[in-house]
Amino acid sequence: MKAFLAALLFAAIVAVGVSILLDAIQEPSYVAFTTGGARVGNPGHNLVGPNG
Amino acid sequence: MASFGRFIRLAVGACAFLLVIAASVPCNAQQVNPTASSVKEQQLLQELNRIQGRVSIPDQRSGVLEQPAGRDWREFRNVTLRWIGGIAILGTIAVMVIFYLTRGMVRLESGRSGRTLVRFTAFERFVHWMTASCFIVLAISGLNITFGRPLLLPLVGFDAFSEWSQWAKYAHNYLSFPFTIGVVLIFLMWIAGNIPNKVDVDWLKRGGGIVGHDHPPAYRFNAGQKAIYWIVVIGGGAVAVTGYLLMFPFYLSGIEGMQLAQIVHSIVSVLFIAAMMAHIYIGTIGMEGAFDAMGTGEVDLNWAKEHHSLWVEQEQAKGHTPSGSTPRPVAAE
């Protein structure tokens, strides 16, 4: 049981760590794939916005 | 003379009129199409295999207007993949149900001895459960991508399906990393015991003892477990590589490469899921005493002798003696 719980904890830590790392080094698609002139602003809460 | 001149003028006028009529006939018969000789869409596709232009936004790849291979890929994703996945998964479930109803649980024929041997260390179980738990989440969230829209969406509605799918996608992306770590550790940890040998040939010839009540000898891992190991290593490696190609689009491949990656990823995944369902079956309700190996890390000595007799001999030769209470009498064969 300890091995199982430790496995779940470790997997969660790695997943959260990777999400923070990728969030820090990657641009959201609405920034990466548009120019400033074409950007109408924060696209809000959706799959491509800053808050995902 | 004057009448001759009039005749000439009349004749020239009539000829001119006929010429005008004759020249106007083709115009009435057929409309002139100014783009008739321009390049057609089909010709462009045949020459270039895609139609693309230039765009003013940073991502020049968005200039691709038509890529016919995408239609083939969409057909695969929306139709072919669902058939492959459905047959693989439902077929495996059907086989397991039939097998369970006919063969039942593979019992410990000599009963439990009360003495145990260490089969897997705490670290091995940690790696197994980390990989397994990630795999289950990856499998469910991955199946949602293929089957969620036709099967789940009608049941839960758009809002719930959107919310669930968004979180499932996050889980799919981020849990792939501990899963990949697990696959690499499994490869390194158990490679020594999973090289095929002659014992495996004999084990396979005797049906692994699954059918009937035979117990062919095996070392630490029998041929069936070795098959699972290589499915995990090769299948897990394939889904990891193709998955990262999709997670980081255009870093290493173009759109065709990503379509190919998605095809490989999805086919290997559904077959992987089917194989793991069989693995879970035999490790739980399919065989008495098997779950202990990954549950507590220790297996009953009689279980080990029945299913891994050569491994027991190796362990005893190393001085790894069974622990536990005094052995109970072994049931008569």
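Helices (H or I, at least four residues) and strands (E, at least two) are DSSP runs, numbered from the N terminus. This is a predicted model, in which local features need pLDDT of at least 70 and side-chain atom pairs count only at pLDDT 80 or more, while totals for chains, interfaces and linings use all residues. Residues are numbered from 1 along each chain as its sequence is written, and chains are lettered from A and ligands numbered from 1 in the order in which they are written.

**View 1. Chain A and its helices.** Chain A holds two helices and zero strands. Of its 52 residues, 10% count as buried, a residue being buried if 20 or more other C-beta atoms lie within 10 Å of its own, exposed if 12 or fewer, and partly exposed in between, with C-beta atoms placed from the backbone.

**View 2. The contact of chain A with chain B.** Chain B and chain A each bring 16 residues to the contact, where two residues are in contact if their C-beta atoms, placed from the backbone, lie within 7 Å. On the side of chain B that touches chain A, helix H4 (122-156) and helix H5 (158-190) are the elements that give two or more residues, and H4(B) gives the most, with seven residues. By class, this side of chain B has 12 nonpolar, two polar and two charged residues; Ala, Val, Leu, Ile, Met, Phe, Trp, Tyr, Cys and Pro count as nonpolar, Asp, Glu, Lys and Arg as charged, and the others, Gly among them, as polar.

**View 3. The largest nonpolar core.** A nonpolar core is a set of buried Ala, Val, Leu, Ile, Met, Phe, Trp, Tyr and Cys residues joined through C-beta atoms within 7 Å. The largest one has 28 residues, and those with the most contacts inside it are Ala11(A), Met130(B), Cys134(B) and Leu175(B). Helix H1 (2-25) of chain A supplies at least two residues of this core, as do H4, H5, helix H7 (223-247) and helix H8 (255-283) of chain B, and H4(B) gives the most, with eight residues. Leaving aside neighbours within four places in sequence, Cys134(B) is in contact with Ala11(A), Leu175(B), Pro178(B), Phe179(B) and Gly182(B).

View 4. In the loop between H7 and H8 of chain B is Phe250(B), which is exposed, with 12 other C-beta atoms within 10 Å.
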